[in-house]
Amino acid sequence: MADHDVDLFVIGAGSGGVRAARIASSYGARVMIAEEYRVGGTCVIRGCVPKKLLVYASRFSDDFEDAAGYGWTVAEPEFHWPTLIANKDREIARLEAAYTGTLERFGVALVKSRAALEDAHTVRLATGARVRAETILISTGAWPHLGPKIPGIEHAITSNEAFHLAQLPKRIVVQGGGYIAVEFACIFAGLGSDVTLVYRGENILRGFDDDVREHLRNEMRGRGITVTCGHTVAAIEKSGDEFKVRLSDSGVIAADKVMFAIGRRPNVMGLGLESLQMKIHGHGGIDVDEYSRSSVPNIYAVGDVTNRVNLTPVAIREGHAFADTVYGGKPTPVDHTNVPTAVFSEPEVGVIGLTEQQARERLSIVDVYKTSFRPMKATLSGRNTRSFMKLLVDGVTDRVVGCHIVGPDAGELIQIIGVAVRMGATKADFDATMAVHPTVAEELVTMREKAMSYGRAVAE
Ligand SMILES: Cc1cc2nc3c(=O)[nH]c(=O)nc-3n(C[C@H](O)[C@H](O)[C@H](O)COP(=O)(O)OP(=O)(O)OC[C@H]3O[C@@H](n4cnc5c(N)ncnc54)[C@H](O)[C@@H]3O)c2cc1C
């Protein structure tokens with residue numbers, strides 16, 4: 001390969017790119033990685049990590065309130081947004097340095113530059129320098145999408161800017177119904193902002209189980225968040241220090257900030273893919289096979305740029321599998337089914353497997369178990385909140401095919417339930433597992449009464 005400067009050139013040092021570069025290098029490949037912004041990518045710099053730190057911050061308000069019922073007297077708490085943001089920025093800088101250090105330790109050459117393809121083996125850097133690579137991995141992630149251009153759209157922020165606001169907005173309108181919109185609505189509400197969530201669809205969290213969507217919407221409303229479905233933001237007018245947000249139903253909301261979280265688009269623009277005639281699929285991502293190989297044989301793509309399952313652990317797994325396949329002699333396809341996932345709303349959501357609707361479409365008999373209850377902690381605190389749990393069971397094999405939780409620590413719970421579901425645990429296995437008492441999670445192994453059974457009459 002004498003005419004190649006490197007064996008592998010990775011474009012984008014985010015979750016997928018960093019993992020792929022590190023593992024490929026550990027197999028002996030000569031690897032170079034280009035990053036145009038900050039090492040760590042969306043997750044570390046302006047996604048999962050800073051968001052979770054803000055989620056933690058936002059939950060203290062409930063804790064202060066709840067403490068009273070348990071006998072505590074807490075002085076009127078005060079929140080200082082600049083302190084939170086400065087501390088968060090320090091932690092992100094620490095993580096960025098750790099990621100950079102990892103690349104160095106593994107002998108990966110890092111170039112802080114935008115990169116694009118000149119041809120299937122040539123990468124052009126922003127400086128004009130060219131690097132010849134035998135194999136190229138595109139891991140450029142995705143970018144917030146602002147939707148059709150509406151008047152005043154230039155006033156809207158996205159999640160990128162939300163992490164760097166100079167002050168906490170007293171009133172904020174968040175447009176969107178996906179997990180990022182829902183999480184930020186809960187973060188701002190927990191920190192004390194007056195929040196309106198505007199979503200064009202019928203209900204928030206499209207793609208999630210309908211009971212979960214309904215339960216969370218009610219909980220959010222119970223916490224004072226105005227959830228307006230069936231409408232969109234039609235225009236944003238600046239009026240002095242505030243914005244007038246005009247909705248499609250002609251309602252007007254006054255706000256200090258307007259945030260759009262209506263979706264993200266794969267970062268494929270300006271990469272030079274058109275000249276290579278690389279196949280882009282209907283959802284705008286790079287079309288790849290199960291080994292993340294694109295339609296150009298020496299070019300691979302992992303993570304959000306492929307628009308498969310847009311989550312950090314998935315990007316990491318795809319990056320690792322790519323390196324195992326191409327450099328480790330272990331062809332490794334990635335299984336995108338049964339991916340556990342969480343929404344860090346308040347209360348939290350954790351899900352794995354099929355929704356009720358999907359189960360009914362795919363299985364001949366579906367048994368539904370569900371329960372809604374007041375968590376024990378809410379008794380003395382007096383908080384008006386309920387938890388929700390649902391198990392979907394294949395009525396023929398008894399396998400648990402879906403688990404949906406709305407309640408405290410749902411993200412933590414679903415990680416562990418994910419192992420059981422992937423292993424093919426049956427409802428009988430759940431029932432045979434002794435409860436841990438008193439916990440919220442014990443409900444998962446004590447649900448005995450079927451709420452519904454679809455298809456059973458036909459089968460019997
Ligand atoms: C607000 C928010 C919250 C999220 N929360 C979660 C969560 O809780 N859990 C979860 O699992 N996922 C979460 N995600 C999704 C997660 O961040 C992504 O799925 C993950 O980061 C994708 O990794 P990636 O490697 O595909 O891309 P990224 O991590 O986005 O990395 C792509 C990198 O490529 C760089 N780049 C782009 N183009 C070029 C170029 N031409 N040249 C050089 N560099 C380039 C970018 O600057 C970036 O650093 C969240 C996302 C957002 C926005």
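The legends below describe close-up views of a predicted model.

**View 1. Strands E10, E9, E8 and E14 form an open parallel sheet.** The four strands follow the order E10-E9-E8-E14. Strand E10 (226-229) and strand E14 (257-260) lie at the edges, each pairing on one side only. Averaged over the sheet and with direction ignored, neighbouring strands are turned by 15 degrees against each other.

**View 2. Strand E9 pairs with E10 in the parallel sense.** Strand E9 covers residues 194-199, and four bridges link this strand to E10. Val198 stands opposite Thr228, a residue of E10. Helix H6 (residues 179-191) packs on the sheet. The strands touched by this helix are E8 (171-175), E9 and E14. The direction of H6 makes about 165 degrees with that of E9.

**View 3. The ligand is surrounded by 36 residues.** The closest of these are Gly16, Glu35, Thr42, Lys51 and Asp304. By class, the shell holds 15 polar, 13 nonpolar and eight charged residues. Helix H1 (15-26), helix H2 (41-46), helix H3 (48-67), H6 and helix H8 (312-327) each give at least two residues to the shell. H2 provides the largest share, with four residues.

View 4. Of the 1000 Å² of accessible area that the ligand has on its own, the protein covers 95%.

**View 5. Strands E11, E12 and E13 form an open antiparallel sheet.** The three strands follow the order E11-E12-E13. Strand E11 (233-239) and strand E13 (252-255) are the edge strands, and each pairs on one side only. In this sheet, neighbouring strands are turned by 25 degrees against each other on average, direction ignored. Strand E12 (residues 242-247) pairs with E13 over four bridges, in the antiparallel sense. Phe243 has Ala255 in E13 as its bridge partner.

**View 6. A cis peptide bond joins Glu346 to Pro347.** Omega of this bond is near 0 degrees. Pro347 sits in the loop between strand E17 (341-343) and strand E18 (349-353).

**View 7. The peptide bond between His437 and Pro438 is cis.** Its omega is about -10 degrees. Pro438 belongs to the loop that runs between helix H12 (427-432) and helix H13 (443-446).

**View 8. Ser292 has a positive phi.** The value is about 70 degrees, although Ser292 is not a glycine. The residue is placed in the loop between strand E15 (264-266) and strand E16 (299-301).

Key: Residues numbered from 1 in each chain as written. Predicted model: local features only at pLDDT ≥ 70, side-chain atom pairs only at ≥ 80, totals over all residues. Heavy atoms only, no water. Pairing = 2+ DSSP bridges. Axes fitted to C-alpha atoms, helices over the stretch in contact; angles between N-to-C directions. Contact = heavy atoms within 4.5 Å. Near = heavy atom within 4 Å. Areas by Shrake-Rupley, 256 points an atom, 1.4 Å probe, with all protein chains shown as cover. Nonpolar A, V, L, I, M, F, W, Y, C, P; charged D, E, K, R; others polar.
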